[in-house]
Amino acid sequence: MQRAGQAAFVLATVVLLAFLMFRFLGDPVVAILGADSTGLQRDALRHALGLDRSVIVQFAVFVWRLLHGDFGLSYRLGQPVARVLLQRAPATIELATCGMLLALAVGIPAGVYTAVHARSVGSQVALGVSLLGISVPSFFMGMLFIWLFSVKLGWLPSFGRGNTVQIGWWSTGLLTVSGLKALIMPTMTIATFQVAMMMRLVRAEMLAVLRMDFIRFARARGLSKRAVTFNHALRNTVVTVMTIAGLQFGSVIAFAVITESVFQWPGLGLLFLQSVAAADVPVFAAYLVLIALVFVTINVVVDLLYFAIDPRLRAAQRVANA
Amino acid sequence: MISLTWRLGQSDVLHDLTHRPVALVSLTILLVYGVSAAIPGLVAPHAVFDLATLDFADAFRPPAWLPGGTWAFPFGADDQGRDILSAIIYGLHISLFVSVASVLMSLAIGMTAGLLAGYFGGLIDAVIMRAADVQLTFPAMLIAILIDGVIRAAFGDAVHEQFAVWIMIFAIGLSGWVQYARTVRSATMVEAGKDYVQAARLIGQPTRVILTRHILPNVVTPVFVLGTVQLAVAIILEATLSFVGIGIPPSEPSLGTLIRIGNGFLLSGEWWLAIFPGLALVILVVAVNQFGDWLGGALNQI
């Protein structure tokens, strides 16, 4: 409940900030009509846009329009912001999801392995590599991939999304060979940091659980190493790992901005950067609100999943209610 | 500050340092980088910004160990015949200036906010901590990009280009204050309840003095560790923003700007323009992180 209130507060603040930017950064009338428009034309448009009303009324109208998915017009593209965002969203969602899945698929097993076989050579190598994964900035990692796989080997395309297939409003690159090929390097770039991070966090959590008494007891009962590792230890790390994964998904979306720029991937992140570089306020204000919504939703979902997964929390809740 | 220096002298931190090869190597690398960045004009073999010294015959000269390379240009030259090594050293000057200054700015904002929130509590605490919550919702990278965009929209491109270095410092500095504020706040809340603070209050010390002379020295140790970690983050942020084209402009390139420029030549085969500045960046970040790791462990012991 408290978390939900906090989430609502964050969203409200972000919407207010977006409105302030939208309203007070630059003059939208000049941005739309151009610098050589007459005063009469500007007044007419100002009235048509409702900019001559009081700030409170304008804010109410702004919120009302947001709730209806109306984010105004992009200065740079001359199109409704909502349509532009919708066009660009599938590319980012596909990239972020693939990156996240790769990070989970490699990071969790690697974390478990390095915790269970802490002293093996493989673990030391994995930890060393993960240090590099954390220290190499993602744009440079992307560049190294392009240099290796596009320039030296010529295997993969260095930019773009390849051919996409349109399914309703959703454009997917997952159904064509060129789309899949174009997805490989951006996914690897976005996942590198996350794999390293995930591995280190899972390892730390596993090590903490493995030191507990019930693990020693399980071993004393003569259970196989496999059963102890997976049924006892790993199960008890699930809640933490899930929290990490949720928060990581947020940072994947943030890192998508950089990865999309390196590979000219036509997603929301690239749109955000282009609109920042062109001072296209409606677009980046809308992006801000959208990202805030995504982050807040992730946080709330993770909180709810706690209850679904951890029986202790459900029991505590029942006790509190009774 | 004095007490921390004294405690450093009393402890065996420096002895510990000489027995940690990784920390020692990192420190050496940081010293070399720091000195080169501080006096690039004396360290760099070529004056890369003096157009008169450039020779187009040197354009795209490969690194020294490749055919056509010469040791006058150890890492090769760019499209205008600039020595890459010298460009890296000058770029380092900008990169380190921006990242160190922005860390200091985060530190100043964060420590002030944390001290005030922790000491006074109540409304001040609520306002500062809610602001921190909102900011923590977004990764620092997005905040920095956004601040950059807001400044660009408010003042225009020309002004942005002219003050790019300061805008970068402001954007990165403002994106990183929350961690310091949280750390200092919780430490201040603990210290504020202790007897010495009570005593200082009873003898009528003004609040400003209690905060800066009594509490601050006792909450500052974890801030140093955080500062090193954040320095690595700031270095990466500056490089990333410059790389995507909204940071430091090419007229006075930082490491990130150099990599951005070099990126344009990657596909045509002149890889050294981008790869060497990139390696210089990675080595710097690894050294800062390793040194920070060691420092965190060492300061915990005192």
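**Questions on a predicted two-chain model**

User: Which residues of α13(B) meet which residues of α14(B)?
Analyst: This is a predicted model. Within chain B, the contact draws on B:E238, B:A239, B:T240, B:L241, B:S242 and B:F243 from α13(B). Facing them in α14(B) are B:L255, B:G256, B:T257, B:I259 and B:R260.

User: How do the residues of that contact between α13(B) and α14(B) divide by class?
Analyst: Both helices contribute to the count, with B:E238 and B:R260 among the residues that meet. The contact of α13(B) with α14(B) divides into five nonpolar, four polar and two charged residues.

User: At roughly what angle do the axes of α13(B) and α14(B) cross, and with which hand?
Analyst: Helix α13 of chain B covers residues 221-243, and helix α14 of chain B covers residues 255-266. Their axes come within 7 Å. The crossing is at roughly 35°, and its hand is right-handed.

User: Which element gives the most to the side of chain A that touches chain B?
Analyst: The contact takes 34 residues from chain A and 35 residues from chain B. On the chain A side, the elements giving two or more residues are α1, α7, α10, α11 and α12. With seven residues, the one that gives the most is α12(A).

User: How many charged residues are on the side of chain A that touches chain B?
Analyst: By class, that side of chain A has 27 nonpolar and seven polar residues. The number of charged residues there is given as no charged residues.

User: Is A:W155 buried or exposed?
Analyst: A:W155 sits in the loop between α7 and β1 of chain A. There are 11 other C-beta atoms within 10 Å of A:W155. A residue counts as exposed at 12 or fewer, so A:W155 is exposed.

User: What distance separates the C-alpha atoms of A:W155 and A:G168?
Analyst: A:W155 lies in the loop that leads from α7 to β1 of chain A. A:W155 and A:G168 are 13 residues apart along the chain. Their C-alpha atoms are separated by 31 Å.

Technical notes: Residues numbered from 1 in each chain as written. Chains lettered and ligands numbered in written order. Predicted model: local features only at pLDDT ≥ 70, side-chain atom pairs only at ≥ 80, totals over all residues. Contact = placed C-beta atoms within 7 Å. Helix = DSSP H or I, 4+ residues; strand = E, 2+ residues; numbered from the N terminus. Nonpolar A, V, L, I, M, F, W, Y, C, P; charged D, E, K, R; others polar. Axes fitted to C-alpha atoms, helices over the stretch in contact; angles between N-to-C directions. Left-handed = near helix turned anticlockwise from the far one by under 90°. Buried ≥ 20, exposed ≤ 12 C-beta atoms within 10 Å, placed from the backbone.
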